[in-house]
Amino acid sequence: DTLDRITGLNNFAQATSLLDLGAGPGLFGMAVAKARPDMRVSLLDRPQVVWHARSVARRRGMEDKLHFLEGDMFQGGLSGQYDIIFASDCLYAARNQLAEFFCTLKDHLTPGGAVVLRHVETTHDATAPRANALLNLGAELIGFGEYMFTTGDIPKALRAAGFSLISSAPQEHVTHLYTIHTAYK
């Protein structure tokens, strides 16, 4: 479903570059690189995580199809211009400056570029879905901090950053519910 959201973007057919922000093992970036071998797909994460992503890509025969970038997306680690920026489960540290961070993302998008943001959310009364509340509690207990956004936080910050054509859709996962947000520069 996530790959379908990315490949269904208005600009996907013409896009030449994608940044997988906070890429982790790089699985989403690899899926896009398989779907569009002609696209320049870059993975950005912290050095130790990029090392792991590179080893995963090597085992899957994808290392030469990806560009690996090391840095902290919140501390000036972003560079270059991209047609699409994708982020999954990595924006929580920007919770208090989300609109400002989205302005930074917008600066790194080409004209007409898109963002795809996949994150766990809960309702304003924090009652649903229960699995998401348990996920958030677990993150708090291990010292990770608050793990999810409240419904509406991301679209509100995208609007404040000047994005347009904002849409949101639920995505079921094995253990919890994600929301995928898309928006255009």
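This report looks at one serine and at several aromatic rings in a predicted model.

S17 is found in strand 1, which covers residues 17-21. With a relative accessible area of 9%, S17 is buried, because buried means a value under 20%.

A polar atom of the side chain of S17 lies 3.0 Å from the backbone nitrogen of D83.

## A tilted pair of rings

The structure holds two aromatic pairs. In the pair of F74 and F101, the ring centres are 4.9 Å apart and the planes stand at 50°, so the pair is tilted, given that planes under 30 degrees apart count as stacked and those over 60 as edge-to-face.

This pair links distant parts of the chain, since F74 sits in the loop between strand 3 (66-70) and strand 4 (82-88), while F101 belongs to helix 4 (residues 98-107), 27 residues apart. F74 is partly exposed, with a relative accessible area of 23%, whereas F101 is buried, with a relative accessible area of 7%.

## Charges over rings

Two further phenylalanines are described here by the charged residue at the ring face. R36 lies over the face of F12, at 5.3 Å from the ring centre, and K106 lies over the face of F163, at 6.0 Å from the ring centre.

Conventions: Residues numbered from 1 in each chain as written. Predicted model: local features only at pLDDT ≥ 70, side-chain atom pairs only at ≥ 80, totals over all residues. Heavy atoms only, no water. Helix = DSSP H or I, 4+ residues; strand = E, 2+ residues; numbered from the N terminus. Buried < 20%, exposed > 50% of the residue type's maximum accessible area, 1.4 Å probe, protein only. Polar contact = N/O pair within 3.5 Å; in protein donor to acceptor, adjacent residues only side chain to side chain. Phe/Tyr/Trp six-rings, centres within 6.5 Å; stacked < 30°, edge-to-face > 60°. Lys NZ or Arg CZ within 6 Å of the ring centre and 35° of its normal.
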